[in-house]
Amino acid sequence: MTQANKRTKQARTLRIFRKIHRITGAALFIFFFFISVTGFLLGWKKHSNGVLMPETYVGTSTDLKKWLPIDSLHTKAVLVLRDSVSPNISTELDRIDIRKEKGSVKFVFTDHFWGIQLDGATGDVLHVDKRYSDLIENIHDGSILDKYFNTSGGLIKVIYTSIMGIALLIFTITGFWLWYGPKRMRRSKSRV
């Protein structure tokens, strides 16, 4: 293969990669925008002074033997949620975060982003707050669409994260080639 043919093939490959890079970027722009903004916020959530993610409050005892049973704490959290937020609010539980080292337990609910922190030993309310970091995380990974469309098994999240992962891989490969390809062409031209 002659040097001219080699350069023509390299230029054609570069044009193809540029086109793939441009089309992928244009088609997925809004999704990349949301992922970048929410990713930035998630990176800062623990350093937001309680704005994005409530601080973890300290209970009276780190000895689990002195703690109330989880079902009693859960019942208390539901009562606090209904008294503090709304008597008609959903009480379906998403997760329970036990912070033994802090002596506290967090109850996070599924259908909204409220969280209740209780003292593990006494059941006293330590904090009631909206968990914006959970909302941001659901936007970031696409699971908010599963909640909105009520799909089972996180189907939209799986499709969304697969598309975005493949797109990021395509961006990485084409972006590298858009940087490296011209350097390679200049090097081969200087050898002539």
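Student: Which residues of helix 4 are buried?

Tutor: The model is a predicted one, in which local features need pLDDT of at least 70, side-chain atom pairs count only at pLDDT 80 or more, and totals for chains, interfaces and linings use all residues. Residues are numbered from 1 along each chain as its sequence is written, and side-chain values use heavy atoms, with hydrogens and water left out. Helices (H or I, at least four residues) and strands (E, at least two) are DSSP runs numbered from the N terminus, while buried means under 20% relative accessible area, exposed over 50%, and partly exposed in between (1.4 Å probe, protein chains only). By these terms, the buried residues of helix 4 are Ser-133, Asp-134, Ile-136, Asn-138 and Asp-141.

Student: Which residue just after helix 4 takes a positive phi?

Tutor: Helix 4 covers 132–141. The positive phi, about 85 degrees, comes just after helix 4 and belongs to Gly-142.

Student: With which residue does the side chain of Asp-134 meet in a salt bridge?

Tutor: A salt bridge is a side-chain nitrogen of Lys or Arg within 4 Å of a carboxyl oxygen of Asp or Glu. For Asp-134 the N to O distance is 2.8 Å. Both Asp-134 and its partner are buried; that partner is Arg-131.

Student: Which residues are joined with Asp-134 and Arg-131 into one network?

Tutor: Arg-95 has a salt bridge with Asp-94 at 2.9 Å, N to O, and another with Asp-97, where the closest N and O atoms are 3.5 Å apart. Salt bridges that share partners link these residues to the pair Asp-134 and Arg-131. Besides that pair, the network holds Asp-94, Arg-95, Asp-97 and Arg-99.

Student: How many salt bridges are counted?

Tutor: The count follows the nitrogen-to-oxygen rule already given. The pairs Arg-95 with Asp-94 and Asp-134 with Arg-131 are examples. The count comes to six.

Student: What is the volume of the largest cavity?

Tutor: Rolling a probe the size of a water molecule over the atoms shows where empty space is left. On a 1 Å grid over the protein atoms alone, a cavity is a set of points where a 1.4 Å probe fits but cannot get out, and a pocket is an open set with protein on both sides within 12 Å along at least five of seven lines; lining residues have an atom within 4 Å of a point. Grid points are joined across faces, edges and corners, and a volume is the space filled by probe spheres set on the points. The search of the whole structure finds one cavity of 30 Å³ or more, and the volume of the largest is about 40 Å³.

Student: Which strands each supply at least two residues of the lining of the largest cavity?

Tutor: The lining consists of Pro-54, Lys-106, Phe-107, Val-108, Gly-115, Ile-116, Gln-117, His-127 and Arg-131. At least two of the lining residues come from each of strand 2 (104–109) and strand 3 (114–119).

Student: Which element gives the most to the lining of the largest pocket?

Tutor: The largest pocket has a volume of about 370 Å³ and is lined by 20 residues, with Asp-94, Thr-110, Asn-138, Ser-143 and Lys-147 nearest its centre. Strand 1, strand 2, helix 4 and helix 5 each supply at least two lining residues. The most, four residues, comes from helix 4.

Student: How many charged residues does the lining of the second largest pocket have?

Tutor: This pocket holds about 290 Å³ of space. Of its 17 lining residues, Lys-46, Met-53, Thr-56, Arg-99 and Lys-106 are the closest to its centre. Ala, Val, Leu, Ile, Met, Phe, Trp, Tyr, Cys and Pro count as nonpolar, Asp, Glu, Lys and Arg as charged, and the others, Gly among them, as polar. By class the lining has two nonpolar and three polar residues, and the charged residues number twelve.
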